[in-house]
Amino acid sequence: MAQLDILAIIVAKEDKRELVLSELKKLIPITRQEDGCIKYELFADDKNPNRFIFEEIWESAEKLEVHKNSSHMANYVEATKGAVELFDVIKLIPVN
């Protein structure tokens, strides 16, 4: 199983920033306890306060799939319905 490095980019609608940020913060302690989670850090973009980025490292694609299908991710999606402009997941591939 190959380690998987991910960037998850979330852009909140202008008037929904605080809601989205609050819901994203709820994911951190739960996700960090998940089997296969190596790193799960949330950042805010210094040029766009409505853009948040999770830097994630997972033991494998299978562990990431379990995370994506978890109840806490479903709760996040439901809580932020209509509040997010963009949710993009980028798998990083080393080039060295």
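The backbone nitrogen of Lys47 sits 2.7 Å from a polar atom of the Asp45 side chain. Asp45 itself is found in the loop that runs between β2 (37-44) and β3 (51-58), where strands are DSSP runs of E with at least two residues, helices are runs of H or I with at least four, and both are numbered from the N terminus. The model is a predicted one, in which local features need pLDDT of at least 70 and side-chain atom pairs count only at pLDDT 80 or more, while totals for chains, interfaces and linings use all residues. Residues are numbered from 1 along each chain as its sequence is written, and side-chain values use heavy atoms, with hydrogens and water left out.

The side chain of Asp45 also takes part in a polar contact of 2.4 Å with the side chain of Arg51. A polar contact here is a pair of N or O atoms within 3.5 Å; within protein, one must be able to donate a hydrogen and the other to accept it, and residues adjacent in sequence count only if both atoms are side-chain atoms. Arg51 and Asp45 form a salt bridge as well, with the closest N and O atoms 2.4 Å apart; the term stands for a side-chain nitrogen of Lys or Arg within 4 Å of a carboxyl oxygen of Asp or Glu. Asp45 counts as buried because its relative accessibility is 14%, whereas Arg51, at 31%, is partly exposed. The classes are buried for under 20% relative accessible area, exposed for over 50% and partly exposed in between, with a 1.4 Å probe and protein chains only.

The salt bridges come to 8 by this rule. Among them is the pair Glu18 and Arg17, whose closest N and O atoms are 2.9 Å apart. Glu18 is exposed at 54%, and Arg17 is partly exposed at 22%. Another salt bridge joins the side chains of Glu78 and Lys81 at 3.3 Å, N to O. Glu78 is exposed at 52%, and Lys81 is exposed at 61%.

Turning to the helices, α1 (residues 17-32) and α3 (residues 71-79) pack with their axes 10 Å apart and at an angle of about 180°. Axes are lines fitted to C-alpha atoms, for helices over the stretch in contact, and angles run from 0 to 180 degrees between N-to-C directions. The two helices, α1 and α3, are therefore roughly antiparallel, a label for angles over 145 degrees, with under 35 counted as roughly parallel, 65 to 115 as roughly perpendicular and the rest as oblique.
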